[in-house]
Amino acid sequence: MCDASLRRHRLYEEEDIMKGVDGTVLTISSEIRKKTLRDRKRFVFFCILPAFLFLALFMYYPIVETFRLSFMKSSGLGADRYVGLENYRKLFASEEFRQGLLHVFLWAFWSIIIQLPLSFFIAFSLTFYVNRFTKPMRAIFYLANVLPSAITAMLGKFVFSPTNGILNSIGVKAGWKWLAAIDFLGDVHVAFWSVFAVATWAYTGFPIIFLMAKIEQMPKDMKEAAEIDGVTGWKYAWYIVLPNLKFPMRILAVLCTIGSLKLFDLPYMMTTGGPGYATITLGISLYRQGFINWQYGRASAIGVIILVLSLIFTVLEFSGHKEGG
Amino acid sequence: MRKHALVLVLLALLPGFLFAQGTKETVAAPTGPVTLTIWGRDIPDTSSDHIYVHDLIENFQKDNPDIKLEYIALGDPGLADKTKITMATGVDQLPEIIQSWGGSVMGGYADAGRLLDLTEELSAIPGSKAAQDAMSWKGKIYGVAPFFAVAGIFLNEEIFAKYGLQPPTTVTEMEKVCDTLLAKGVQPFACGAKDKWPPLAMYMYLVNRYGGDAFGSAQARKIGFDDATFVKAAKKYQQWVSKGYFGDKPLGDAYGDAQQQMASGRAAMMVTGSWMCAQFSDPTFTDQKLGFYAFPVLDGGVGKLTDVMGQTDIGFIVTKKAEAKKDATVRFLKYAMGVNACSSDPGRICSVPGVPAKNNLTGMASKLFSQSKTVQFWWDQDLPPAVTSPLNDTIQSFFLPGSDVASALTQFEALVADEVGPVKK
């Protein structure tokens with residue numbers, strides 16, 4: 001229907017050009033053209049309307065409502081009270097929130113520093129060295145990404161549990177007291193890294209597949225030309241492949257950052273944000289404020305901060321990028 | 001075009017009109033049994049933890065064919081989260097009955113006008129006063145608590161006998177017992193501090209033993225939560241942690257790990273609620289012989305052996321949604337509080353008179369409960385929700401090496417002052 005409308009529109013345009021010398025004909029043609037344009041606009045409007053209504057109801061309205069609530073003292077029950085910026089002031093004064101903010105920044109930083117290079121290393125290895133051993137590895141690396149977070153967290157606890165975890169048992173059996181003595185989930189200095197290690201295993205599957213797809217899309221003659229010039233193996237990866245993955249890497253960095261800002265499931269299920277606030281994130285703090293402490297206003301303020309930070313980092317990470325590829 | 005749009009709009013609205021008409025008819029002429037929806041925490045299976053709820057649902061419907069129960073198990077924290085969200089949206093989406101521990105959370109719902117006042121109907125049901133108080137708010141009764149839990153010390157009697165130890169009656173004796181156990185390579189206490197809420201049980205007792213009803217005074221804003229009593233109790237707790245009474249990795253163990261430490265005999269004592277009686281009496285869960293004792297008193301302290309900490313173990317509250325089905329709802333609550341229904345539970349302390357204890361541990365816990373002179377409701381069920389998770393955070397911080405407990409309590413008091421009100425001079 002849309003195509004037919006466009007075709008008709010083009011015919012009228014041709015009619016305009018052909019009979020442009022005759023004023024009467026030109027007038028009729030313009031009216032028809034205007035009506036067609038109106039119909040077309042109406043058609044487009046009705047096409048967009050359902051999607052717009054859906055977004056307005058389930059996305060824009062909650063965002064606006066979150067902003068409104070962030071200026072309110074609200075328990076979710078009874079009347080809300082306007083408190084201005086009080087929720088934000090109290091958040092920045094609280095240890096829980098400050099630690100949560102620090103942890104999501106650290107998480108984003110280390111994700112970019114560790115997970116992205118690791119993903120590139122694995123993606124390049126699996127595309128460059130294709131044989132019957134590396135083919136199944138693609139599925140294996142992606143498998144962790146497919147597992148639900150609850151299972152991933154359970155496996156993480158199975159590895160890091162302080163009394164009967166795999167690492168602890170290895171330490172005991174091998175007589176490595178230093179390993180057996182580490183409290184992977186209960187030591188404030190170690191817990192963050194234990195959860196991060198599980199996340200690295202679980203979350204690198206997607207970047208690996210994404211980068212592999214991009215590497216495989218690169219023209220074959222580029223590789224052949226590089227080989228003629230003697231650029232092979234990891235030199236090829238460093239000098240040819242990596243510069244061509246600048247934009248995909250930037251997308252992954254944005255995804256890592258936004259994912260870190262929203263982080264909730266894995267640290268919550270492995271440590272509930274503890275010990276103390278050692279693994280707390282903004283997402284966990286939001287949940288605690290809203291659902292456990294009945295502080296909807298403060299939870300909304302955290303939501304607003306996550307949204308604003310996500311926007312800032314997205315703009316920052318894409319700024320300066322002029323061309324794709 | 002406009003005509004077409006009008007026809008389309010009318011066509012779209014037609015099913016709505018038809019549906020609305022149908023709903024009206026259903027409401028106007030109800031037939032068949034009354035349906036009561038219950039949101040529960042427990043899965044209604046036949047395990048020792050859940051058998052009471054399982055039998056209650058099954059038997060009530062058999063004995064009351066005119067009432068149909070729709071029981072939806074939501075687990076924990078699913079029940080709390082879903083209840084909170086639905087309470088916030090209004091009464092329409094709520095079930096008639098919700099499993100609840102009562103206390104301040106229930107109070108919040110009552111204040112918001114979401115609960116049905118059943119004082120007249122429920123006040124005459126025989127049961128313990130502590131359990132009834134737990135399901136009351138500002139003088140009105142909103143539900144029933146067929147089972148009530150008290151905190152005490154689960155103690156491995158075999159380990160104590162092996163090393164010639166006696167159950168401690170004073171804190172000094174308890175410290176000596178712990179030192180002996182440590183020397184023998186046995187972890188004195190299992191706790192589960194990773195989960196944040198389990199360490200509260202011991203702290204509540206320590207505060208009581210140092211300063212009596214210091215919590216009540218702090219709650220009434222006569223003293224702060226950073227008062228000397230709270231600080232002394234916290235320092236004692238921290239001292240025990242640093243001495244290794246809770247093991248080498250106390251913050252790595254969750255509540256489930258602590259249960260396993262007791263079940264396997266790796267730890268000798270655990271301060272927790274009597275809800276564990278059934279499991280600790282179950283030979284398929286543990287081969288250890290455990291006992292249940294009062295928390296010791298402190299030499300020169302204020303608190304007594306008869307000051308007990310407790311909370312609802314299983315309870316039900318009724319929402320405003322049940323207003324039209326009040327009779328059926330009250331029948332269910334009375335049935336839940338009946339001797340027959342309560343007798344199916346293998347290990348909880350029943351708040352209904354005439355239900356015998358099913359095992360030695362429950363008998364010991366019931367004795368402690370019946371001999372108690374004062375029952376302090378579990379702090380995190382008694383304080384407003386805004387400060388309960390920070391309370392548990394604060395107590396968990398006593399387990400962090402080198403933490404400044406006085407400063408942590410001062411921060412907590414500042415929060416309480418902000419949310420509840422400052423200390424009245």
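## Contact between the chains

In this predicted model, 20 residues of chain A are in contact with 22 residues of chain B. On the chain B side, three helices each supply at least two of the residues that touch chain A: α3 (78-89), α4 (103-111) and α18 (385-396). Sorted by class, the side of chain B that touches chain A has nine nonpolar residues, eight charged residues and five polar residues.

## Domains of chain A

Chain A is assigned two domains. Domain 1 covers residues 2-69 and domain 2 covers residues 86-318. The C-alpha centres of domain 1 and domain 2 of chain A are 45 Å apart.

## Strand β6 of chain B

Is strand β6 of chain B, residues 143-156, enclosed or open? A residue is counted as buried if 20 or more other C-beta atoms lie within 10 Å of its own. In β6 of chain B, 14 of the 14 residues are buried, so the strand is largely enclosed by the rest of the structure.

## Partners of β6

Strand β6 of chain B pairs with strand β10 (residues 307-318) of chain B in the antiparallel sense, over six bridges. Within this pairing, Thr312(B) of β10(B) stands opposite Phe148(B).

β6(B) also pairs with strand β8 (residues 267-273) of chain B, again in the antiparallel sense, over five bridges. Here Gly273(B) in β8(B) is the bridge partner of Ala151(B). Strand β9 (residues 290-293) of chain B is joined to β6(B) by four bridges, and these two strands run antiparallel. Gly291(B) in β9(B) is the bridge partner of Leu155(B).

Methods:
Residues numbered from 1 in each chain as written. Chains lettered and ligands numbered in written order. Predicted model: local features only at pLDDT ≥ 70, side-chain atom pairs only at ≥ 80, totals over all residues. Domains from an automatic or database assignment. Contact = placed C-beta atoms within 7 Å. Nonpolar A, V, L, I, M, F, W, Y, C, P; charged D, E, K, R; others polar. Buried ≥ 20, exposed ≤ 12 C-beta atoms within 10 Å, placed from the backbone. Pairing = 2+ DSSP bridges.
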